[in-house]
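The exercises below are meant to be worked with the sequence and the coordinates side by side. Try each task before reading the solution that follows.

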Amino acid sequence: MAMHVINPGPRTTIQDKGRLGYQNSGFAPSGFMDRVASRMANVLVGNDPSEAVLEFCLIGPVLCFDETVNIAVCGGDFGIDAGGRIYPADRAVRVPAGTTVRITTGRVGIYGSIAVGGGLDIPVVMGSRSTNLRCGIGGYRGRALMAGDTIMLRSPENGLKDMSWRRMPPRRLVSPDDPDITRVRVIPGPQEEMFTQEGLRTFYESTYEITPRSDRMGYRLTGPKVESKGGYDILSDGIVNGSVQISGTGEPIVMMADRQTTGGYAKIASLINVDIPLFAQLRPGQKVQFERCTVQEAQELIRKADREWKEHCQKLEESGPPQIKVIQRRAAAAEEERTRRGRGKAGAVKRFGRR
Amino acid sequence: MEYKILPVGDSALTIVFGNEIDPETSRIVRIARNYLTNQNIEGVNEYVQTYATLMVHYDPVTVGYDELAAGIDAALARMDLTSDHMKKHTIVIPVCYGGEFGPDLPTVCEHAGLSAEEVIRRHSAVDYLIYMLGFMPGFVYLGGMDRSISTPRLRNPRERLEAGSVGIAADQTGIYPLVSPGGWQIIGRTPLKLYDHDREKPILYEAGEYIRFVPITEAEYAAIRKQVENGTYEYQWIREG
């Protein structure tokens, strides 16, 4: 029972929750760029939320399975084209054996996560199946997928159960068509004191654009230069997912999943965890504005998101095929409500996520 | 012992013990890492040691910042600073300086006002303490470099440096174990594989050990490289105690 890669897409890798516990030796954790999309996709097909997924950037792979499987794609308005039938993101899709599966790309989101029911038979390296491209370890032979690759499934019997009724409420990601600037919340520090008052005002009051020189290591932003009191170099210290470095050019770089573990550029602030997955889904050309947040507020948001996620999962498990109509009605009502409320005024500032 | 605790995002904090490259500060950071690791503090996932700080990665659903910072304060108050003993272990790293392998050697010479021979002599005259690993697997941050050869890092980092590149950034020197982008002034390259996940010990050394750079010629570089690729190269260690 295997998954065949007919066309990998430009950069598709295997990622899970990440290679944790080795940062002191310099190993980046890698892992999901959008952990919310990845755990949604996994739960939809009955996997553990931290199971390894196929993560693609903008253009998805073309796949074929030997036997019937349940799959799901999440992370943007991607879709699954299974033998010509198109299914939207954020739902489970039962793919009959031998069907060619393509991923359709819409206008919103950049990193897509494809979960395959039963999980992929990928060896665990240092506690994780995540691909670390820099080291050539983890994932499928330590590299991005290539045409002709075959990956076995761990529990092929997963496909015997039809899960195609399972759906998750779609997240609201910020579309490139949306004229609004995205607000991203950050916790100041740990080197905030290296910047002048003018520099801090520039950082928090300006708009920064995501450049095409952005990848799994970090997103380079362009915009007004942030003034420091005397250079941007520090005695190298630790970096986290979402650390905002100001490099020698005075512009921000936001460190992402394949970041280095330590570094020598001053870190003005760090993205809060609940905003990282949505920030990760912004495409080059999209604009952000940074907004201060306290660590206590950020941690309250994490706990709230954690409770909401558990409720979503519980509802999903309690629901079943007979209730499809109820879910669809609810989704339709929610959609209608969103349409009725309409979009914010052009140029207005909008916060990530559902309130 | 003075320190301060600062949040780094909402899932990590840093304990800042100083702001200098200093063996005594490093010793305190190392003791703190070992001590806190043994405390098994709930919610903590891992510790990352740097020159003068200890980063604590934690799960904010399990433990909040205020509670964790208070717990670390209480633990550090009980810590015994005399508990650390390390024998000196030094690994020999052969380096071919200048030329194609060290494109920034002229920049360093110019900045220091020294000849290439003198920069190489000063760079290879010291046993460097490995203060920390980071930035990428096996990347060492070494202390003890002669400040007369200090050179600021590049204003714009290079997109690609070869594995084994030896460089200088301000008062620091180090090696790139993997192909990487980077902002250091590159003065040479080692033929050794510093990181190899097929080897029993993927990374040759750890924090607290020492590195000695030994200048080699291009011909020696080629010969050692061949042995490394054949798996016949014997790594040279100098062990005391």
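**Exercise 1.** Determine whether A:M126 is buried, partly exposed or exposed, and describe its backbone.

*Solution.* In this predicted model, begin by counting the C-beta neighbours of A:M126 inside 10 Å, which gives 16. A residue is called buried at 20 or more such neighbours and exposed at 12 or fewer, so A:M126 counts as partly exposed. Next, locate the residue in the chain: A:M126 lies in the loop between β10 (111-116) and β11 (150-152) of chain A. Finally, read the backbone torsion, where phi of A:M126 is near 50°, a positive value in a residue other than glycine. As background, most residues other than glycine have a negative phi.

**Exercise 2.** Carry out the analysis for A:L58, asking in which loop it is found and what its phi is.

*Solution.* A:L58 is found in the loop of chain A that runs between β3 (53-57) and β4 (62-65). Its phi is positive, at about 70°, although A:L58 is not a glycine. Counting around A:L58 gives 16 other C-beta atoms within 10 Å, and A:L58 is therefore partly exposed.

**Exercise 3.** Find the peptide bond between A:G189 and A:P190 and decide whether it is cis or trans.

*Solution.* The omega angle is about 10°, and the bond joining A:G189 and A:P190 is cis. In general, most peptide bonds are trans.

**Exercise 4.** Identify which residues of the largest nonpolar core touch the most other members.

*Solution.* This core has 113 residues, and those touching the most other members are A:V186, B:V56, B:Y131, B:V140 and B:I211. Strand β6 (residues 127-133) of chain B provides the largest share of the core, six residues. Taking B:V140 as an example, and leaving aside residues up to four places away in sequence, its contacts are B:I130, B:L133, B:G174, B:I175, B:Y205 and B:I211. A second, separate core has 41 residues, including A:L54, A:V69, A:V93 and A:L145.

**Exercise 5.** Describe the side of chain B that touches chain A by its strands and by residue class.

*Solution.* Start with the totals: 42 residues of chain B are in contact with 39 residues of chain A. On the chain B side, β1 (4-7), β2 (12-16), β3 (44-49), β4 (53-58) and β6 each supply at least two residues, and the largest share, five residues, comes from β3(B). Sorting this side of chain B by class then gives 24 nonpolar, 14 polar and four charged residues.

Terms used
Residues are numbered from 1 along each chain as its sequence is written. Chains are lettered from A and ligands numbered from 1 in the order in which they are written. This is a predicted model: local features need pLDDT of at least 70, side-chain atom pairs count only at pLDDT 80 or more; totals for chains, interfaces and linings use all residues. Helices (H or I, at least four residues) and strands (E, at least two) are DSSP runs, numbered from the N terminus. A nonpolar core is a set of buried Ala, Val, Leu, Ile, Met, Phe, Trp, Tyr and Cys residues joined through C-beta atoms within 7 Å. Two residues are in contact if their C-beta atoms, placed from the backbone, lie within 7 Å. Ala, Val, Leu, Ile, Met, Phe, Trp, Tyr, Cys and Pro count as nonpolar, Asp, Glu, Lys and Arg as charged, and the others, Gly among them, as polar.
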